[in-house]
Amino acid sequence: MGKDVIIACDFSGKQQVLEFLDKFGDIKPFLKIGMELYYAEGPSIVKELKERGHKIFLDLKLHDIPNTVKKTMSVLSHLDVDICNLHASGASAMMKAALEGLTRPDGTRPLLIAVTQLTSTSEEVMKEELLINAPLDEVVASYALNAKNSGVDGVVCSPLEAGKIHDVCGKEFLTVTPGVRFDDATKGDQSRIATPARAKELGSDYIVVGRPINAAEDPVAAYKRCVAEFVD
Ligand code: C5P
């Protein structure tokens, strides 16, 4: 898959999502379904959006013992999503088990990406609450390399970290980057941000865009602006 813009469908119910997507007519953007929507609507929302022609990144961030994650990933692989994810802090046994569960009998599987440290976790919190003393960027790079060595396809990270991740893990290792804002917009609660054009320069493979599109006055125009800056 080449570079693409993924819209975060951060809505609490199916009706809102469908009203939002109806604005796009024949355009079928890649969508991210997160915990809020998935827990509200269940697997049927994934099936329905796939049937409407969208690619899906199912952002459930699994983190449990290897056997549980393996069996859960097996269930998700039958939903035919395109990307799903887990926490790299579950360590290599969990990530390898996830890949086994995700692989279908015919050998195909969705892409699997890992969350390293959540972008909401500061270096101070890492040190004081999680007792991790290494600098944040080293921790992110080290978790990414561990994910890569476990067979995982890429990581979720800030666009500002994409270059270092590619240096450490190779350019084929995917960087999926939230924290995208237009240069004329407010940051909201994101701190490590980049414009779609800057994310492209920094080497992001996919940008995940929420409020700049889903809260825009004209979401279709905002989506097209992201595509023009990031993909074209
Ligand atoms: O509205 P905004 O563009 O900030 O949305 C970004 C999306 O990416 C949200 O769905 C958020 O949960 C998700 N995300 C993130 N940072 C991460 C992982 C996921 O912002 N580290």
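Biologist: Which residues on the other side of α1 are exposed?

Modeller: Exposed means over 50% relative accessible area, buried means under 20%, and partly exposed is in between (1.4 Å probe, protein chains only). Helices (H or I, at least four residues) and strands (E, at least two) are DSSP runs, numbered from the N terminus. On the other side of α1, the exposed residues are Gln15 and Asp22.

Biologist: What is left out of the side-chain values?

Modeller: This is a predicted model, in which local features need pLDDT of at least 70, side-chain atom pairs count only at pLDDT 80 or more, and totals for chains, interfaces and linings use all residues. Residues are numbered from 1 along each chain as its sequence is written, and side-chain values use heavy atoms, leaving out hydrogens and water.

Biologist: How wide is the arc that the buried residues of α1 cover?

Modeller: Helix α1 spans residues 14-22, and its buried residues are Val17, Leu18, Phe20 and Leu21. They sit on the same side of α1, because the arc they cover around the axis is only 160°. The arc is taken from the directions that run from the helix axis to the C-beta atoms. The value is 160°.

Biologist: Which elements do the buried residues of α1 pack against?

Modeller: Contact here means heavy atoms within 4.5 Å. The partners are β1 (4-8), β2 (30-34), α2 (35-41), α3 (43-51), α10 (211-214) and α11 (219-230).

Biologist: Of the residues around the ligand, which come nearest?

Modeller: A residue is near a molecule or strand if one of its heavy atoms lies within 4 Å of it. There are 13 such residues around the ligand. Those that come nearest are Asp10, Arg181, Gln190, Gly210 and Arg211.

Biologist: How much of the ligand's accessible area does the protein cover?

Modeller: Oxygen atoms of the ligand lie 2.8 Å from an N or O atom in the side chain of Asp10 and 2.8 Å from a polar side-chain atom of Arg181. A backbone N or O atom of Arg211 is 2.7 Å from a ligand oxygen. On its own, the ligand has 470 Å² of accessible area, and the protein's share of cover is 83%.

Biologist: How far is the sulfur of Cys9 from the closest cysteine sulfur?

Modeller: A disulfide is a pair of cysteine sulfur atoms within 2.5 Å, and the structure holds zero of them. Cys226 is in no disulfide, and its nearest cysteine sulfur is that of Cys9. Cys9 is buried at 1% relative accessibility, and Cys226 is buried at 0%. The sulfur of Cys9 is too far from that of Cys226 for a bond, because the gap is 14 Å.

Biologist: Is Met73 buried or exposed?

Modeller: Met73 is part of helix α4 (residues 66-77). Beyond residues up to four places away in sequence, Met73 touches Leu62, Cys84, Asn85, Leu86, Ala98, Gly101, Leu102 and Leu112. With a relative accessible area of 0%, Met73 is buried.

Biologist: Which side chain does the side chain of Ser204 join in a polar contact?

Modeller: Ser204 lies in the loop between α9 (196-202) and β8 (206-209), and Ser204 is buried at 0% relative accessibility. A polar contact is a pair of N or O atoms within 3.5 Å; within protein, one must be able to donate a hydrogen and the other to accept it, and residues adjacent in sequence count only if both atoms are side-chain atoms. At 3.0 Å, the partner side chain is that of Thr177.

Biologist: Which residue has its backbone oxygen 2.7 Å from a polar side-chain atom of His54?

Modeller: His54 sits in the loop between α3 and β3 (56-62). His54 is buried, at 4% relative accessibility. Its contacts beyond four places in sequence include Leu21, Ile27 and Leu49. The backbone oxygen belongs to Pro29.

Biologist: What is the phi of Ala91?

Modeller: Ala91 is in helix α5 (residues 91-102). Ala91 is partly exposed, at 34% relative accessibility. Ala91 is not a glycine, yet its phi is positive, at about 75°.

Biologist: What value is phi of Leu131 near?

Modeller: Leu131 is in the loop between α6 (123-128) and α7 (136-149). Leu131 is exposed, with a relative accessible area of 67%. Leu131 is a residue other than glycine with a positive phi, near 60°.

Terms used:
Accessible areas come from the Shrake-Rupley method with a 1.4 Å probe; for residues, only the protein chains shown count as cover.
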